[in-house]
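Here are some short notes for a colleague opening this entry. Please look through the sequence and the structure before reading the points.

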Amino acid sequence: MGNGLSDRRAVLPCLPSFQALHIVILGLDCAGKTTVLYRLRFNEFVNTVPTKGFNTERVRVPLLGSGGHRCRSASVACHFWDVGGQEKLRPLWRSYTRRADGLVFVVDSVDAERMEEAKTELHKITRLHDNLGVPVLVLANKQDLRAALPLAEVERLLALGELGTHTHTPWHLQPACAIIGEGLQEGLERLHAMIVKRRKMLRQQKKKR
Ligand code: G3D
Ligand code: MG
């Protein structure tokens, strides 16, 4: 089973590349970030090796109109940055997120032991001045595994509720299985909707000034 992204991509109209959204994929090492990136890019599972620096790909993501979205035949160009999640690489995250339109934060739903560490990193990056209010898609990855924590537990352990109250960060928690692509389409549509909403709000604020 796949997510069918590339089949749909082929028949969708092209948008100019300057409209590409800058989306940064973050999370602890081994969460599945690179698997997400290559699943989006190639629509197939690609065996990964630990990311030493970053991987980047431009992908046209179809907007199929789920979740109440009205856009039925559009797609959006996304420039994804997948940045290494090892502890020594995490200080680099802020350079990649500086001009981000949205963040994808990937967590290994089985790794209960490191959920606290993931929470700390997620809250740290969203509190940075440049990232205040930048929408976050949290992917609760590896939901195919029996030991995966339920979504409500992931939400509690990551204290996602605090994102909205402390930093006004719009977020969406999406169950996913990156190796088969499940949940990625839905998650990205929600992220896109949050980005569009934020841009509109920023435009209105600017007009009022
Ligand atoms: P990272 O880029 O966040 O460090 P990777 O993580 O994408 O390199 O993935 C780390 C490991 O998790 C890989 O296995 C990968 O196949 C696996 N993985 C990624 N997503 C999923 C998923 O949804 N389900 C399951 N079961 N495994 C997943 P290896 O064995 O190469 O370490
Ligand atoms: Mg990686």
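1. A side-chain N or O atom of Asn141 lies 3.1 Å from a nitrogen atom of ligand 1, where a polar contact is a pair of N or O atoms within 3.5 Å. On its own ligand 1 exposes 660 Å², and the protein buries 77% of that (Shrake-Rupley areas, 1.4 Å probe).

2. The model is predicted: local features need pLDDT of at least 70, side-chain atom pairs count only at pLDDT 80 or more, and totals for chains, interfaces and linings use all residues. Residues are numbered from 1 along each chain as its sequence is written, chains are lettered from A and ligands numbered from 1 in the order written, and side-chain values use heavy atoms, without hydrogens and water.

3. A polar side-chain atom of Lys33 is 2.7 Å from an oxygen of ligand 1, and for the side chain of Thr34 the distance from an N or O atom to a ligand oxygen is 2.8 Å.

4. Around ligand 1 there are 17 residues (a heavy atom within 4 Å). Cys30, Lys33, Thr35, Thr48 and Asp144 come nearest.

5. Helix α6 spans residues 160-167 (a DSSP run of H or I, at least four residues). Its residues Leu160, Leu163 and Thr167 are buried, meaning under 20% relative accessible area with a 1.4 Å probe, protein chains only. The buried residues of α6 fall within an arc of 55° seen down its axis, so they line one face; the arc is taken from the directions from the helix axis to the C-beta atoms.

6. On the face of α6 turned away from the buried side are Thr165 and His166, both exposed (over 50%). Just after α6, His168 has a positive phi of about 55°.

Methods
Helix = DSSP H or I, 4+ residues; strand = E, 2+ residues; numbered from the N terminus. Polar contact = N/O pair within 3.5 Å; in protein donor to acceptor, adjacent residues only side chain to side chain.
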